[in-house]
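Please keep the sequence and the model in view while reading.

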Amino acid sequence: MAKRAGVSIATASKAINNRGEVAAATRARVIRAAAELSFQPNVLAQGLVAGRTRAIGLLTDELDGRFAIPILLGAEAALSNQEMSILLCDTRGDAIRRNHYIRTLLARQVDGFIVVGDSNDVRASLTADIPVPAVYVYCRSTNPDDLSLVSDDEGGARLAIEHLIALRRKHIAHITGPHSYRAARDRAATVLTVLEEHGLELAGGQPLHGDWSQRWGRHAARLLMTTAPEVDAIFCGNDQIASGAVQALTDLGRRVPDDIAIIGYDNWEIFAADCRPPLTTIDLNLHQLGTNAVTHLLAAIEGTPGAGVVRQPCRLVVRESTA
């Protein structure tokens, strides 16, 4: 390319990399020669010179889970826009496998890490083992100096309950997942708080904790119809539970939403959109969460790291189960 443009290799390099020491006419001649030769810069060589590889390592414990894939797609889209690559490693919850991948990614000189959780819960910090910037997504690091991006469970629960109250529902119940999940506990606590703010009590007396499954949704809905037949709305901890609740209520002759309004959580379309009637639900904006993780990580790589917990707002998706 330098020979074709009639310049030195050093001048051609400066022109291609848009450095200011090259005259405009010379730069144009080099760029024209590059186009004629279909020249592509060697990204690896550029990275070695700059001390960066333009590659990011992504660690997840559960690649086939509900939450990791949308976050990954958001991160990948953002990195592609920056002409960076992502190296994906599924640790499958195994500490030995995780340590192996960390060593492998560091040997490849990645510029940073995105660590993806699977339950929006607390996880052990890896910062001591990672000498490059790291951002935690859909999980909270145990190290307060780390930056953790999480879904706003309290805000999502508030959206759901205030929507039901706006529909003039007075007897609202809550069916959710295991009490061992922080997200389930936080949402349940917010349900009670919002109801109290509006002078209401939780129908059934207490949140019903069980599995994240349709089976539990069916069982809990039948239980509510026996113990609290006055229920006119149910906020469910995920869309599987909500879908199961709708099935049980329909079998019992209760109309959704006429008799009982139902709200799910997660906006998992295989359940939410295909339910009959389709479910009103809370969307976690997971794709945006992945995009934001890249933004924060690139800032850290450039020398402006963040710290603490950043909660991303959820959004209410209204469908026929509350209409």
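W212 is partly exposed, with a relative accessible area of 25%, where buried means under 20% relative accessible area, exposed over 50% and partly exposed in between, for a 1.4 Å probe and protein chains only. The model is predicted, so that local features need pLDDT of at least 70 and side-chain atom pairs count only at pLDDT 80 or more, while totals for chains, interfaces and linings use all residues. Residues are numbered from 1 along each chain as its sequence is written, and side-chain values use heavy atoms, with hydrogens and water left out.

**Aromatic pairs and the pocket**

The whole structure holds 4 aromatic pairs, a pair being rings of Phe, Tyr and Trp (its six-membered ring) with centres within 6.5 Å, called stacked if the planes are under 30 degrees apart, edge-to-face if over 60 and tilted for the rest. Two of these pairs are set out here.

| Pair | Centre distance | Plane angle | Class |
|---|---|---|---|
| Y181 and W212 | 5.5 Å | 85 degrees | edge-to-face |
| W268 and F271 | 5.3 Å | 70 degrees | edge-to-face |

Y181 lies in the loop between β8 (172-176) and α8 (182-197), and W212 in the loop between β9 (208-209) and α9 (214-227), so the pair ties together parts that are 31 residues apart in sequence; helices (H or I, at least four residues) and strands (E, at least two) are DSSP runs numbered from the N terminus. Y181 is partly exposed at 33%. In the other pair, W268 is partly exposed at 28%, whereas F271 is buried at 18%.

Y181 and W212 are also, with R66, F67 and D118, the residues nearest the centre of the largest pocket, which 17 residues line. A pocket is an open set of points on a 1 Å grid over the protein atoms alone, where a 1.4 Å probe fits and protein lies on both sides within 12 Å along at least five of seven lines, and lining residues have an atom within 4 Å of a point. The space in this pocket is about 340 Å³, a volume being the space filled by probe spheres set on the points, which are joined across faces, edges and corners.

**Contacts and the fold**

T176, in strand β8, is buried with a relative accessible area of 0%. Beyond its neighbours within four places in sequence, T176 is in contact with residues including L208, H209 and W212, contact meaning heavy atoms within 4.5 Å. Across the chain, which comprises 12 helices and 14 strands, buried residues make up 49% of the 323 residues. Of the contacts between residues at least 6 apart in sequence, 70% join residues at least 24 apart.

**Backbone**

Most residues other than glycine have a negative phi, and most peptide bonds are trans. R92, however, has a positive phi of about 55 degrees and is exposed at 60%, while D266, with a positive phi of about 110 degrees, is buried at 7%. The peptide bond from V256 to P257 is cis, with omega near 10 degrees, and P257 lies in the loop between α10 (239-251) and β11 (261-263). A cis peptide bond also runs from R276 to P277, with omega near 0 degrees, and P277 belongs to the loop between α11 (269-272) and β12 (281-283).
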